[in-house]
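Subject: Structure for you to look at

Hello,

Here is the structure we talked about.

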Amino acid sequence: MARKASPARLVIALSVAALLAVFLLYTSIAGGGNPSIAPSELAGRTGTVQLAGLVVGPVTGDAHAGGLRFRLRDIGGESATRIPVRYTGSVPDLFKAGRHIVLDGRLRNGTFVAEPGSMITKCPSKYAPKRSGDSA
Amino acid sequence: MPELGRAALVVTLGLSTYALVAGAAAAYLGRRRLALSAQNALVAAFFSTLVASGVLLSALLRHDFSFTYVARTTSAALPTGYTISAFWGGQKRTLLLWLLVLTGFGALAVRLNRGWARDLIVWVVPVFGAVAVFFSFLVVAVASPFAVQPAPADGAGMTPSLQNPYMLAHPPLLYLGYVGLTVPFAFAIAALLSGRTDERWLIATRRWTLVAWTALGIGQLLGAHWAYVEVGWGGYYAWDPVENAALMPWLAATAFLHSVMIQEKRGMLRVWNVLLVMLAFSLSLFGTFLTRSGVVNSIHSFTQSSIGPWFLAFIALTVAVSLALLFRRLPQLRSPTRLESPVSREAAFLYNNLLLLALCLTILWGVVYPLLSEAVRGEAVVLGRSYFDFFLRVFGLPLLLLMGIGPLIAWRKASLRSLVTTFRWPTAVALATGVVLLLLGAGSSVPGLVTYTFAAFVAATIVMEFARGTRARKALGAATWPGAFHSLISRNRRRYGGYVVHAAIVLLAIGIAGSSAFDTVAEAKLRPGESMDVGKYTLAYRSLDERQVENATEIRATLGVSRGDRDLGTLEAGKNAYTIEQQVSNEVGIRSDRLTGEDLFVIAEQIDPDGAVYFRVFVKPLVNLIWIAGLVFVLGSAIALWPDAREQRRLVARAREVGVPATR
């Protein structure tokens, strides 16, 4: 029997092509997501970024009137950068000074203005060892 | 006591190594007695792991804070149930749980199948041994759960949001799922190693895959419900990497469960099935890695740990070895039959598989993209919600539609005439539903409307199948309609259980579309006596109260709820302040409407000292269908899993057909 090309192969090839097409379409329309950076890397950036840092007090203001104000610094490292932040919207339960948080937003006149409701806190380290390599 | 635990784990490592080395030697050389002793080593490894687990559990229950982990995850005041749940709460425990379930499943799977698939089993044992060696090595040498310290007066306690009944069941179910996928993987690898690539490895593991898949599915739904009632941001799924970690292997396993039917019935997709099972297992390893290594920024990432590199290395090794084996056996896996038409049941199943896989891989891409972009461009780029939502729609909606088409379309080649006859009514139902909903104003969300229309289509096909089947059984002599219905299901549990699961997915789709595409949000700052409107509801803020319970202070705002003129009673929302853990948690107020499945969801976001409260309120239509879908899902799986004497006879006959060699 002559071996003709299987429709299965055609189907798979077409699907892969369709998948790639959808993918390209998506990335061309929606862009590629936001870069995730630390407070010390923020200087000079104008676009929307995801900022991950450690909350430095004092925390003042009202998240539902005028905005919550605090500062963020790098989670690790020696950088002395402190970025002032203004945030409105839901404040997660775990938010407080000393916690690691992630915010979407952009720098405006030296203040990082977060998108409303974008704050995510990372789980406190209580649930796990304090440092990496802590195992023995 | 910690010495006993540590010793037991070392014994497990030794026994697993023996199961691997002796098992492989026995299989290669064809030594029957050696193979039996390797099997016994696997069983013994389960019991030594059980001893280690017992030591830990007793330390937790005795509040022995000289165990570092007990001190870190629990406190003396923690209720007993949550003290037990700390057993799978942290990284080291979950690795121990992995090992416990792995050795247990391994021993059981070997025992259940050694009668009729002995030639496979001799190779299954060393594969299980290899995986067990990895996990026992981790708990012995890298992340021992038996670290000790001078005992502090009290432990650090448990994160408040984990003090929830769902957390008792959610993690173990996920791990049953993750580990359960090891069984089909081990059998697939054994089939490749032994060169016995007939369908028996699929048949031997069908139930295991189903159990693992069900556990993964239910575990995820419980996690979603936990997030909904406990984390309290108003949603149930956030495309968090750790949530995706469980979704990806579930999707791969779903594809596998469907494509095995094609191999069983038509002998096609053999290579594909092996690939899928490898993917499912690798993804379950990857899922464990994501959950437990903290590699991706995530609200769940509990820890930065030392096990990460080991996990990556093991995953890489698994993938490399499995692919190498697959290539070696490629000629044997040639399919004797081929796809005859792109419009046939085989083809529909193939499309289903491709879509499931596409969804799975795009999610994988979204999960690893931050890591890849960091490695390549030096900065991590995060793909947000919209990325995942987009692909869920693009691949999920066609999948939903195929769920109605696949089970009904003819095998081999469907004619146009048969298509019209089969699908005329479901299409009519779907179009009618679409038009009615459009008139009712559902056009505000096109994806939502499409979901409802497709869901109506699938629901109609399922009802039709049950009705037609029951009528046929009645005509064939069943005395009563319920009798006919029962006989229909019991004669083909797999098929009708599958339909019930499909019905669950329909409910799930409707619930997700209703609550995400047609929800209402409102927020306002209220003083006692003030009120706000949300959708058709009116909320009147009455009072703020504080009360002291065992381990927390509870602050609750009481709201009077009404809809139109009807008084619907009161609702409480507020916060808990946990004393020992020094944390605050949101306690949302939820009012479910039993008739419509709609939820009124109230978050007290901010409570000012003067008694003013900032409320955020959602109205989520149909959201309760998601949880009902979970129950239907379990029912469907149970029907498909129910022991079936007729099937058992078929299996034995099949084994005889293949001819199990008697020499081993």
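A residue is called buried if 20 or more other C-beta atoms lie within 10 Å of its own, exposed if 12 or fewer do, and partly exposed in between, with the C-beta atoms placed from the backbone. By that count, buried residues make up 26% of the 136 residues in chain A. For chain B, 52% of the 664 residues count as buried.

Some conventions before the rest. This is a predicted model, in which local features need pLDDT of at least 70 and side-chain atom pairs count only at pLDDT 80 or more, while totals for chains, interfaces and linings use all residues. Residues are numbered from 1 along each chain as its sequence is written, and chains are lettered from A and ligands numbered from 1 in the order in which they are written.

Chain A

Chain A has one helix and seven strands. Helices (H or I, at least four residues) and strands (E, at least two) are DSSP runs, numbered from the N terminus. Along the sequence, the pattern in chain A is α-β-β-β-β-β-β-β. Two residues are in contact if their C-beta atoms, placed from the backbone, lie within 7 Å. Of the contacts in chain A with a separation of 6 or more, 47% are between residues 24 or more positions apart.

Chain B

In chain B there are 20 helices and 10 strands. The radius of gyration of chain B is 27 Å, close to the 26 Å that the globule rule gives for 664 residues, so chain B is as compact as a globular protein of that length. That radius is taken over C-alpha atoms, and the globule rule is 2.2 Å times the number of residues to the power 0.38. Taken along the principal axes, the C-alpha atoms of chain B fill a box of roughly 85 × 75 × 60 Å. Of the contacts in chain B with a separation of 6 or more, 73% are between residues 24 or more positions apart.

Chain B is divided into domain 1 (1-158), domain 2 (160-335 + 347-357) and domain 3 (520-620); such bounds come from an automatic or database domain assignment. The C-alpha centres of domain 2 of chain B and domain 3 of chain B are 39 Å apart. Their contact takes five residues from domain 2 of chain B and 11 residues from domain 3 of chain B.

Helix α8 (residues 182-194) of chain B has 13 residues and reaches 18 Å from its first C-alpha to its last, close to the 18 Å expected at 1.5 Å a residue. The expected span is 1.5 Å times one less than the number of residues. In α8(B), 13 of its 13 residues are buried. B:G195 follows α8(B) and has a positive phi, near 75 degrees.

Not counting residues up to four places away in sequence, B:E230 touches B:S161 and B:N164. B:I203 also lies in helix α9 of chain B, and its 20 C-beta neighbours inside 10 Å make B:I203 buried.

For helix α13 (residues 345-377) of chain B, 33 residues should span 48 Å, and the end C-alpha atoms are 45 Å apart, which agrees. A kink of about 50 degrees lies at B:V368 in α13(B), shortly before the proline B:P370. The bend at a residue is the angle between axes fitted to the seven residues ending there and the seven starting there.

Regards
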